[in-house]
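Work through the following exercises with the sequence and the coordinates open beside you. Each task is followed by a solution that goes step by step.

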Amino acid sequence: MQIPAKEKLNPKDDKDLLAFVFARFIEGELTGLLEGKAILHAPSLHEADFLAGQIRDEIKHARMYQALYRSLGMGDTPPRASWVLTKIMSPVSGRMWAEHSFLDKAVGERWVYSMMQFLIQAVDDSRIVKSLKLIAKDEEGHIAFGEEQTKAYIAVSRWRRYYLWGLYLRVDWAMALAHRLLRYRFKKKGSIKAVKLLDSYFSDARPRNRAHTASLLGVPEKRSLWQLVVCQAVFTWRSFWSWIL
Ligand SMILES: [Fe+2]
Ligand SMILES: [Fe+2]
């Protein structure tokens, strides 16, 4: 995607917006510490070892984003996201291996990765771009691992494909909601540049990530409210029992 030079972000003119983005990235990376929960459910030492390495990566990424945040001169402590945005964006699994591999890694990290790729094009600052490229390289490995685990899980039955696609539909809906919320916020602040970039990111990333996930699961790219509700109910039920047991 080509972004015209005058529409690109730079640390001088777009300090607040970049600070907001880095603050959300720091929060996202710190939720990566939840991998610590998932490690207890890793099927073998190989997967546990990968997760241990991933935790180190996410801490390293959080530090890199903190350094970028500080370089904007916005202080040391980024403000927290609103409650609604946190609920929409935060990972939802950790105690169930298949769901964790799919939702947190194959899907969640791919969404983050696509945002990073967009910013690499949209930011006119070599230091920021260099950091984003370095972090994106690690994220590629996390996504590949999640996709590999997902493929092994769905190979056994058609229900599992149906189930995971139903869970993806919820993510797709949540991202549409996040788009609306952020659009409202940026519009209220009068940042037309941010609204334009946000629209251009979501209009490209949403269909692309949906198509990629459908292809990963080997299912048609069909939206069904019924499937979303049924699969979410199964997910909640399974989460409940994994919490109890
Ligand atoms: Fe990360
Ligand atoms: Fe990651």
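Two residues are in contact if their C-beta atoms, placed from the backbone, lie within 7 Å. The model is predicted, so local features need pLDDT of at least 70 and side-chain atom pairs count only at pLDDT 80 or more, while totals for chains, interfaces and linings use all residues. Residues are numbered from 1 along each chain as its sequence is written, and chains are lettered from A and ligands numbered from 1 in the order in which they are written.

**Exercise 1. Find what covers the buried residues of helix 3, and compare the length of helix 3 with the expected one.**

Step 1: helices are DSSP runs of H or I with at least four residues, numbered from the N terminus. The expected span of a helix is 1.5 Å times one less than its number of residues; helix 3 has 27 residues and reaches 39 Å between its first and last C-alpha atoms, close to the 39 Å expected.

Step 2: a residue is buried if 20 or more other C-beta atoms lie within 10 Å of its own, exposed if 12 or fewer, and partly exposed in between. On this criterion the buried residues of helix 3 include Leu51, Gln54, Glu58 and His61.

Step 3: the cover over the buried residues of helix 3 includes helix 1, helix 2 (35–38) and helix 6. After helix 3 comes Gly73, whose phi is positive, near 75°.

**Exercise 2. Describe how helix 3 and helix 6 pack.**

Step 1: two packed helices are described by the angle between their axes and the distance between the axes. Axes are lines fitted to C-alpha atoms, for helices over the stretch in contact, and angles run from 0 to 180 degrees between N-to-C directions. For helix 3 and helix 6 the angle is about 160° and the axes are 11 Å apart.

Step 2: angles under 35 degrees count as roughly parallel, over 145 as roughly antiparallel, 65 to 115 as roughly perpendicular and the rest as oblique. Helix 3 and helix 6 are therefore roughly antiparallel to each other.

Step 3: among the residues that meet are Phe50, Gln54 and His61 in helix 3, and Ile128, Ile135 and His142 in helix 6. The residues of this contact divide into six nonpolar, four polar and two charged, where Ala, Val, Leu, Ile, Met, Phe, Trp, Tyr, Cys and Pro count as nonpolar, Asp, Glu, Lys and Arg as charged, and the others, Gly among them, as polar.

**Exercise 3. Describe how helix 5 and helix 6 pack.**

Step 1: helix 5 (residues 97–122) and helix 6 (residues 126–154) have axes 8 Å apart, at an angle of about 150°. Helix 5 and helix 6 are therefore roughly antiparallel to each other.

Step 2: the contact of helix 5 with helix 6 has 15 nonpolar, six polar and six charged residues.

Step 3: the buried residues of helix 6, including Leu132, Glu139 and Gly146, pack against helix 3, helix 5, helix 7 and helix 8 (192–217).

**Exercise 4. Are Leu169 and Arg80 buried or exposed?**

Step 1: Leu169 belongs to helix 7 (residues 158–188) and is buried, because 22 other C-beta atoms lie within 10 Å. Leaving aside neighbours within four places in sequence, Leu169 is in contact with Arg223, Gln227 and Leu228.

Step 2: Arg80, in the loop between helix 3 and helix 4 (83–89), counts as exposed because it has 11 C-beta neighbours inside 10 Å.

Conventions:
Helices (H or I, at least four residues) and strands (E, at least two) are DSSP runs, numbered from the N terminus.
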